[in-house]
Amino acid sequence: MEKKYAGCTVKDVAAAEFIAVYAAHLKKVGAIEVPKYVDYVKTSPRKELAPYDQDWYYVRVASLARRVYCRGGTGVGSFAKVYGGTKNNGTRPSHFKKASRSIIRHALQQLEKVGVIEKDPHGGRRLTRKGQAEMDTQAATLLETN
């Protein structure tokens, strides 16, 4: 029996839907080691509280994996800018703040440990063949269910 979506990639699927499916897959597989501080850490200095979602770390790892898929060679500093945002300073003017680089670095290291990404010799991280195959499989199953 031939698969209907054999040539499907991550770019063929909506980002939010793929991230949710891939985060659930990463949690089910259990290969990602979640840090101990995940329950009370903020994701950025601009935030006032920790995330409400219990599985926010898996969502962040899946989002980082998708970003590396779409644009390889991106490093921790670039991801900190991407996940950063405007800090509300009350009556004073707002300013841009980067996201926590520690969380991003740990998530990328976990993806390296699983074998989804690897360090690029030119700087940053890039996707491995195993990672691309795994992510494309998840995208194809998402398209099949829709």
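This is a predicted model: local features need pLDDT of at least 70, side-chain atom pairs count only at pLDDT 80 or more; totals for chains, interfaces and linings use all residues.
User: Why is W56 called buried?

Analyst: The relative accessible area of W56 is 8%. Buried means under 20%, so W56 counts as buried.

User: What makes Y57 count as buried?

Analyst: Y57 has 2% relative accessibility. The cut-off is again under 20%, and therefore Y57 is buried. Of the 146 residues of the chain, 41% count as buried.

User: Why is the pair of F18 and Y22 called stacked?

Analyst: The rings of F18 and Y22 lie 5.5 Å apart, centre to centre, and ring centres within 6.5 Å make a pair. The angle between the planes is 10°; planes under 30 degrees apart count as stacked, so the name applies. Both F18 and Y22 are buried.

User: Where do F18 and Y22 stand in the chain relative to each other?

Analyst: They are 4 residues apart in helix 1 (residues 15-29), which means that about one helical turn separates them.

User: What makes the pair of W56 and Y57 edge-to-face?

Analyst: The planes of W56 and Y57 are 85° apart, with 5.9 Å between the ring centres. An angle over 60 degrees counts as edge-to-face, so this pair receives that name.

User: How do you know that the charged end of R60 sits over the ring of Y83?

Analyst: The charged end of R60 is 4.3 Å from the centre of the Y83 ring.

Conventions
Residues are numbered from 1 along each chain as its sequence is written. Side-chain values use heavy atoms; hydrogens and water are left out. Buried means under 20% relative accessible area, exposed over 50%, partly exposed in between (1.4 Å probe, protein chains only). Rings of Phe, Tyr and Trp (its six-membered ring) pair if their centres lie within 6.5 Å; planes under 30 degrees apart count as stacked, over 60 as edge-to-face and the rest as tilted. Helices (H or I, at least four residues) and strands (E, at least two) are DSSP runs, numbered from the N terminus. A charge sits over a ring if NZ of Lys or CZ of Arg is within 6 Å of the ring centre and within 35 degrees of the ring normal.
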